[in-house]
Amino acid sequence: MSKVDVAVPVTTVPVSPRRTRSLALPAVATAVVVLAAVPFYLDRFWLTLGLFAFAAAVAAIGLGLLLGQAGQLSLGHAFFVAVGAYGYTYLAGTSRTVGVSHQGGLGLPPLIALVLAVLLAGLAGLLFSPVAARLRGIYLGIASLALVFAGQHILANAPLVTGGYNGRTVPPLTIGGFGFDDGAPGTQLLVLGVPFHREERLWYLGLAVTALAYLYHRNLVRGRPGIALRAVRDSELMAGMMGVPVTRYKGYAFLVSSMYAGLGGVLLALAFGRIVPVTFDYAMSIEFLVMVVLGGLGSAAGAIVGAFFVASLPRLLDRYADVLPGLAEPGGDGVSPAVAARFGYAIALILLLLIEPGGAAGLGRRVANRFRRNR
Amino acid sequence: MTKRRAVLAIALVAVFGAAGCSTKVVDASSSPSAGKLATGPGVTDTTITLGVLTDRTGPYAGLGKAVEQGRTLFWDDRNAKGGVCGRKVQFVLKDHGYNPQNAVTAYASIKDNVLALHELLGSPEIAALLDSIQSDQMLTGALSWSSSLLSNPYVVISGTTYDVEMINAVDWLVKNKGLTKGDKIGHIFHEGDYGENGDAGVVAAAKEYGLELLPYKIKPTTADLTAQVTALKSAGAKAILLTVAPAQTASAVGVAAASGYAVPFVANAPSFSTALLATAAKPALEKQLYVATSIAPFSATAPGAAQVRDAFVAKYSDAIKIQYALFGYAQAQIMAGILDTACKNNDLTRAGLLKAFQSQSHVDTNGLIAPLDFSKPGGIPARQTYILKPDSAAAGGLTQVQDLFAAPLAQSYTPSK
Amino acid sequence: MSALEVDGITVRFAGVTALDGVSFTVAPRAIHAVIGPNGAGKSTLFNVLSGAYRPARGSVRFRDVDLTHRAPYEITALGVARTFQNIALSGAATVEENLVLGRHHLTRAGFTGTALRLPHVRREERRHRARVREIADFLGLTEVLHAPAGRLPYGDQKRVEVARALCVEPELLLLDEPAAGMNAHESALMAHLIRDIRDALGIPILLVEHDMGLVMGIADRITVLDFGVRIADGTPDEVRRDPAVQRAYLGTEGES
Amino acid sequence: MTQFLQLLAGGVSLGAVYALLALGFVVVFKASDVVNFGHPALLMIGAYTIARLGLSQVAFPLAVLGGVLLAALTGLVVQRFLVAPIASTSVVTVSIMTIGVDILAQTEITRRIGVDILSIADPWGDRVVRLGAVDVPQARVAGLVSSVVLIGLFLAWFKLSRWGVAMRAVADDAPTAALMGVPRKVISALAWTLAGGLAAVAGVFITAFPTPGLQPATASVALAAFPAAIIGGLDSIGGAIVGGLVVGLAESLAEGYEERLSFLGQGFHSVMPYAVMVLVLLVRPTGLFGTRELHRV
């Protein structure tokens with residue numbers, strides 16, 4: 001009778017953490033170094049791409065926690081991302097009249113607005129958790145889809161907060177006087193001779209937030225809450241009889257997951273510079289789902305890889321599709337580069353899942369195993 | 001632990017040491033070459049590069065393509081005749097698929113390499129980029145006619161805004177379809193900037209003429225307008241205005257015709273598409289629908305329009321013939337005029353472009369678009385519209401019913417809430 | 001004085017009465033068995049005791065605390081631990097992780113403390129992992145502590161279940177068919193183990209079991225159910241001689 | 001009153017078509033536990049084929065047959081070559097796979113449609129049937145009748161034929177069904193085929209009058225199958241029908257009485273099916289007719 005349950009494949013913490021750690025050190029060091037060096041070499045296209053990917057990664061880790069660890073399917077993740085994005089914008093924004101419309105704002109210091117926006121997203125998750133507690137599997141998934149549609153409706157009908165369809169400008173983040181924007185007009189921040197614009201500065205913010213989000217998730221799932229969440233996922237009844245307050249833990253999972261979404265939303269808002277409601281639609285929720293499944297359920301590293309894949313691939317294909325042969329000239333008939341990019345994305349998604357249903361994390365494990373065996 | 005830190009430290013030093021070789025390092029000693037002509041990004045000695053952010057895969061792919069054909073027609077010809085300022089004008093085109101996030105990434109990827117955006121299609125995409133456009137001083141040819149964009153001085157709106165189109169539409173109904181004070185009219189419109197801007201015009205006009213307005217807001221995805229038309233019919237509305245998508249126009253008019261509800265419909269330009277005349281709704285549309293627009297129909301009879309049309313048909317014999325092809329051509333004309341003026345001023349920079357743009361007080365596009373005046377920042381650039389009528393016999397599917405005119409209210413109207 | 005009092009429990013599913021006014025008591029330190037043919041209501045009874053089902057009537061009291069309307073986790077917190085007939089382990093998780101789950105109600109580490117690896121969280125984890133290793137050792141599971149539970153042989157998984165229940169530090173242990181699917185040798189080992197647990201911890205153990213041999217060998221007292229009704233209750237000898245039990249089992253004896 | 005009846009008629013006839021969509025969605029879910037995000041794509045493939053055949057002067061019934069066959073075949077191919085190979089993994093993974101299929105198919109069909117609005121070339125045109133004071137388009141009446149007939153046939157088949165019985169058995173208890181000699185794989189393939197066919201038929205009536213024809217945005221209509229299937233209960237065939245009707249009515253009434261709902265913000269009708277869905281789920285967590293889960297260990 002568990003028909004309506006979403007069976008989720010189980011992924012566990014590595015059996016022997018010590019061995020992977022020794023292997024991981026050079027890998028982590030290399031990754032950190034490469035990522036830290038990026039703003040010195042790549043242009044704005046790549047940096048913007050990266051910012052969106054970091055924002056997506058943070059939110060995806062949250063959905064991964066909810067789905068991969070706690071076994072709760074949510075198609076409403078975009079809603080919580082929107083709460084974070086608009087929450088930050090409203091809290092840090094100033095009350096002003098733009099063109100013909102008036103916009104409110106609390107004008108809080110951006111860092112405080114960021115923290116409050118994340119808490120606000122958590123609150124939204126908490127408010128939804130009574131619904132989540134009653135429902136399971138696909139029912140929960142599609143019920144949470146209602147959040148996205150309701151969210152679109154609210155965003156459109158609350159112009160004082162959201163700016164309506166035209167969206168509103170996102171105030172830049174400043175921490176201790178350092179602004180994550182282009183700086184005052186006429187000034188230029190040079191680091192080792194490289195000018196640091198908004199994108200360069202935000203890159204480090206995105207990198208740091210993603211790293212912290214990853215570590216938080218890693219510690220969480222290795223400890224007591226993670227064990228309890230996975231027990232809830234495997235069997236709610238068993239978990240309850242082993243002492244886990246199931247309803248409360250499902251609520252916690254929603255809370256933490258939506259806070260991740262909110263944080264991702266703030267990053268996304270900063271990356272955009274201006275947010276509009278249509279961004280946070282059904283397609284965005286679906287994309288998050290694709291990220292965590294592609295990355296491998298239950299793995300935070302996988303979610304990050306999935307987020308980078310989903311956030312970058314279509315835009316990369318679009319950028320380089322004109323190098324590919326057999327495509328139509330602009331204005332002509334036939335398959336345009338953009339269409340080819342969309343095909344490429346869909347085919348990559350299908351092939352990846354056919355080859356390795358465990359996603360990138362599964363692929364990684366496979367490669368790691370082979371590596372070990374060959375030694 | 002210490003080993004780990006050491007590894008990190010060494011690696012970091014290696015990277016930042018190497019940053020000195022980065023191509024992004026700015027050389028403080030170099031200064032812009034002193035010459036007669038000041039140039040901005042995207043301008044070389046032989047070329048001027050402009051950006052195009054359009055939709056090739058999303059819902060407006062067809063429209064985007066028609067505009068692109070018109071634009072290509074103009075610039076191919078112009079470049080063959082020497083281009084602008086002795087430079088060929090070329091384009092970097094990016095598809096955003098009607099997704100704002102894609103538009104933002106695409107914009108970031110081209111903004112340092114282009115002088116201006118020749119075209120930016122889509123209201124949500126424009127909205128998402130409004131601030132960047134302003135801070136980058138990026139003159140942008142918007143493919144949207146919402147008056148909410150007027151507050152940004154860098155946005156070029158080529159034509160009347162949706163609200164003015166609707167004011168003219170109501171005026172025309174009053175004068176030609178016997179609407180009188182106290183009559184009910186309906187307005188079905190999209191949620192979003194487009195629909196709401198149209199609604200602002202209808203609201204203003206209804207107030208001016210003492211008409212009772214019944215507004216119905218719909219989603220861009222709504223396919224069947226039976227419910228709205230039925231409600232308007234039972235309320236006794238004497239005319240219906242539409243600020244919707246083409247398929248919705250067909251549904252609304254079709255439903256009305258089928259139930260014998262023979263009131264006139266007047267639609268905004270984007271509410272109609274030639275493709276509708278291939279559907280079952282054709283007879284109803286030809287009977288009951290009118291279109292208020294500042295863009296001349298493809299079948300326009302003015303000599304200038306006819307010339308462009310013939311050139312278009314010669315170049316793209318298989319292409320769909322819609323007025324947006326002419327619009328693309330006209331928009332290119334407007335942009336060329338701005339570039340020419342900037343060249344004359346010896347200032348092909350972004351600031352120079354803005355100055356040139358704001359000096360365009362009488363822009364004539366051979367009647368392709370109503371006369372334009374860009375010299376009043378924040379003002380509506382054009383206030384005259386045509387009233388057109390679907391006609392499957394005409395090329396492009398529309399014929400003229402009423403030549404360019406502007407209602408008294410349209411002359412004095414300023415957008416506000 | 002009794003540890004567990006089951007009083008007049010009635011459970012109905014969509015018109016079918018699964019348990020009909022069942023009563024019995026379990027003495028402290030007793031090994032108490034509930035037996036009965038298939039469909040007698042044994043598993044239903046266990047699910048009532050651990051809070052999964054609400055009975056239509058009747059009550060369950062453990063050391064004078066009413067369990068009847070408590071959630072499963074609250075009952076666990078009162079020191080009632082159980083195993084499952086169809087093994088309910090997290091298959092891909094290690095044996096250790098499965099055992100640590102049993103410590104849930106004894107530990108406090110929250111989301112924030114765990115994520116930040118605060119000192120008290122690490123201390124708590126160290127302490128409880130040590131206890132888990134002790135229990136694993138007691139059940140001979142030390143070797144497989146880091147293996148995924150799902151890959152162990154059936155008998156071992158059964159022992160992991162028992163070990164997990166012990167990790168709860170139970171005051172009452174409920175064993176749901178601990179010897180189901182075992183051969184005679186394994187079954188005998190399990191009987192030993194059950195007695196060892198009782199002797200070591202001094203707690204009452206309630207078990208549901210099909211294996212009459214095992215039950216007769218270790219139970220201090222037996223309650224017999226048939227079609228949801230209690231038909232006998234007494235020492236193994238009394239139950240063996242009970243004509244109602246013989247009648248109920250004659251039809252089904254051939255099967256087992 | 002007339003308006004109410006008119007909206008009621010519109011809602012019921014639209015709801016019947018939604019029921020066809022929801023039915024296909026539910027059948028796939030019952031047979032393979034997979035949420036088919038590619039359901040809109042099946043509709044698009046079917047409707048596109050029918051419209052194109054119609055434009056090449058193929059008689060309408062034949063065009064419909066062609067569209068139904070192609071959509072059904074697509075369903076079968078997707079099941080056979082994409083879903084089946086990874087069926088043993090998590091159903092979430094398989095469901096995500098169907099998103100890939102959806103993107104692929106919809107991108108291609110959008111490209112082929114371009115700026116056109118493809119008329120489905122149905123025989124009903126924009127004629128209406130007058131029932132008292134209420135006008136109902138003939139196409140909608142045909143949609144209602146077709147839905148009732150198809151659903152009736154399906155139910156009869158489901159109850160009576162060996163395959164139908166096996167499909168029910170698979171949904172209830174896969175091992176037993178296997179014992180009956182019907183492999184789950186075959187049932188799953190059958191379900192996908194059926195879902196494709198039903199989606200194509202729904203496509204006819206979703207693109208016929210009062211809708212002007214097929215365009216890329218038509219796919220979003222298929223999303224109505226989600227709340228419809230959930231309201232009825234995901235594993236209930238009868239529930240899909242009721243759910244479809246509920247969504248059709250909720251949409252139609254909320255649209256028609258838009259001005260009275262204005263306190264909820266303009267355009268609330270689009271949220272209406274979801275609002276109804278959440279309310280239903282709060283009272284019955286598995287939908288109106290979904291199987292209540294029994295807790296078992």
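C:Phe13 is partly exposed, as its relative accessible area comes to 31%. Here buried means under 20% relative accessible area, exposed over 50%, and partly exposed in between, using a 1.4 Å probe and protein chains only. This is a predicted model, in which local features need pLDDT of at least 70 and side-chain atom pairs count only at pLDDT 80 or more, while totals for chains, interfaces and linings use all residues. Residues are numbered from 1 along each chain as its sequence is written, chains are lettered from A and ligands numbered from 1 in the order in which they are written, and side-chain values use heavy atoms, with hydrogens and water left out.

Back to C:Phe13, which sits in strand E1 (residues 4-13) of chain C. Strands (E, at least two residues) and helices (H or I, at least four) are DSSP runs, numbered from the N terminus. Leaving aside residues up to four places away in sequence, C:Phe13 touches C:Ala18, C:Thr44 and C:Tyr53, where contact means heavy atoms within 4.5 Å. C:Arg151 is another story: 138 residues separate C:Phe13 from C:Arg151 in sequence, and their C-alpha atoms are 35 Å apart in space. Elsewhere in chain C, C:Cys167 is buried, with a relative accessible area of 0%.

How do the chains meet? Five pairs of chains touch, and chains A and D have the most contacts among them. Chains B and C, on the other hand, do not touch, and their nearest C-alpha atoms are 17 Å apart. Between chains D and A, 53 residues of chain D are in contact with 44 residues of chain A. Together these two chains bury about 4500 Å², 77% of it on carbon and sulfur atoms; buried area is the accessible area (1.4 Å probe) that two parts lose on being put together, summed over both. There are zero salt bridges between chain D and chain A, a salt bridge being a side-chain nitrogen of Lys or Arg within 4 Å of a carboxyl oxygen of Asp or Glu. Polar contacts do turn up, with three residue pairs between chain D and chain A, both residues at pLDDT 80 or more. A polar contact is a pair of N or O atoms within 3.5 Å; within protein, one must be able to donate a hydrogen and the other to accept it, and residues adjacent in sequence count only if both atoms are side-chain atoms. Several helices of chain D each supply at least two residues to the side touching chain A, including helix H1 (2-32) and helix H3 (60-83). H4(D) gives the most to that side, with 13 residues.

Chain A has a mean pLDDT of 83, and 85% of its residues reach 70 or more; pLDDT is the predictor's confidence in each residue, from 0 to 100. Among the elements of chain A, helix H3 (residues 77-92) has the highest mean pLDDT (96) and helix H1 (residues 17-41) the lowest (71). Also in chain A, A:Ser299 lies in the loop between helix H11 (282-295) and helix H12 (300-320). A:Ser299 is buried, at 16% relative accessible area, and its side chain reaches the backbone nitrogen of A:Gly302 at 2.8 Å.

Finally, the structure holds one disulfide over all chains, a disulfide being a pair of cysteine sulfur atoms within 2.5 Å. B:Cys85 and B:Cys343 form it, with their sulfur atoms 1.8 Å apart.
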